[in-house]
Amino acid sequence: MTKNTLVLIYNKLYKSFGPQHWWPAKTKFEVMVGAILTQNTAWGNVEKAIASLRKENLLSPQKLLRLPLRHMASLIKSCGYYNVKAKRLKNFLKFIKKKGGVAKLFKEDPFVLRRELLEVNGVGEETADSILLYAGNLPFFVVDAYTKRILYRHNLIDKKADYAHVQKLFMDNLKRDADLFNEYHALLVKVGKHYCKKKADCGNCPLKGV
DNA sequence: GCCCAGGTGTTTC
DNA sequence: GAAACACATGGG
């Protein structure tokens, strides 16, 4: 059954890789900035972009909101899609301002907040859930390309299963616990990176036989 | 030089 | 509606 399989997968991954210590960031705000900048991008490139913002002492909602779009784009160049992402980050910053700041953001109903995040142009489902889980410590499961690939390989989902379906699988079959969801998603990324790129990698995968 | 990376929005059939 | 396309740097 799905429930037992999902727990089994988690246990195997945790035993193989241990805690992943996500999200590597200093503040909630930094997590949220990273969530937007890391869209379809290697994390190492995002770290460079965040480092350049920090170097200029610009890592606050107010300062970034005042920063001209072109300047922001040049500072985050290393993470790719820099023009698009500068615009998306601006949209998100305006949203934070409208909500009265980062702290107030997470005081409202989580499901309402999720719906509002999705209305921000540039924030899709994965980014919204990453913000809710990794910045807000709220139990929303983050689904990404790795998650789908791994579940598909283990015949737990159809190839064209959509985001909501996959998320529901985790949220309906596991205890809704932010720490669990945090670790689980990070572990899926870990195993996906190292063992799930090609079929041939499956031979050494910790999930072999599951 | 080619492929991919912790996606999303827009355009096109 | 879904499929195709645009967005772009840096590491393997």
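Trainee: Which residues in H2 meet H6?

Mentor: Val33, Ile36 and Leu37 are the ones in H2, and they meet Lys85, Arg88, Leu89 and Phe92 in H6. Contact here means that the C-beta atoms, placed from the backbone, lie within 7 Å. Helices (H or I, at least four residues) and strands (E, at least two) are DSSP runs, numbered from the N terminus.

Trainee: And what classes of residue make up that contact of H2 with H6?

Mentor: Five are nonpolar, two are charged and none is polar. The classes go like this: Ala, Val, Leu, Ile, Met, Phe, Trp, Tyr, Cys and Pro count as nonpolar, Asp, Glu, Lys and Arg as charged, and the others, Gly among them, as polar.

Trainee: At what angle do the axes of H2 and H6 cross?

Mentor: Roughly 140°, with the axes of H2 (residues 28-37) and H6 (residues 82-98) coming within 9 Å. Axes are lines fitted to C-alpha atoms, for helices over the stretch in contact, and angles run from 0 to 180 degrees between N-to-C directions.

Trainee: Before I go on, what should I keep in mind about the model?

Mentor: This is a predicted model, so local features need pLDDT of at least 70 and side-chain atom pairs count only at pLDDT 80 or more, while totals for chains, interfaces and linings use all residues. Residues are numbered from 1 along each chain as its sequence is written, and chains are lettered from A and ligands numbered from 1 in the order in which they are written.

Trainee: Asn40 keeps coming up. Where is it?

Mentor: Asn40 is in the loop between H2 and H3. Asn40 also has a positive phi of about 50°, although it is not a glycine. Most residues other than glycine have a negative phi, and most peptide bonds are trans.

Trainee: Which residues does a cis peptide bond join?

Mentor: Trp22 and Trp23, with omega at about -5°. Trp23 is in the loop between H1 (2-17) and H2.

Trainee: Zooming out, how is chain A divided?

Mentor: Into domain 1 (2-21 + 141-204) and domain 2 (28-135), with bounds from an automatic or database domain assignment. The contact takes eight residues from domain 1 and six from domain 2. On the domain 1 side, H12 gives the most, with three residues.

Trainee: How many helices and strands are there in chain A?

Mentor: Twelve helices and zero strands. The radius of gyration, taken over C-alpha atoms, is 18 Å for chain A, close to the 17 Å that the globule rule gives for 210 residues, so chain A is as compact as a globular protein of that length. That rule is 2.2 Å times the number of residues to the power 0.38.

Definitions and conventions
Contact = placed C-beta atoms within 7 Å.
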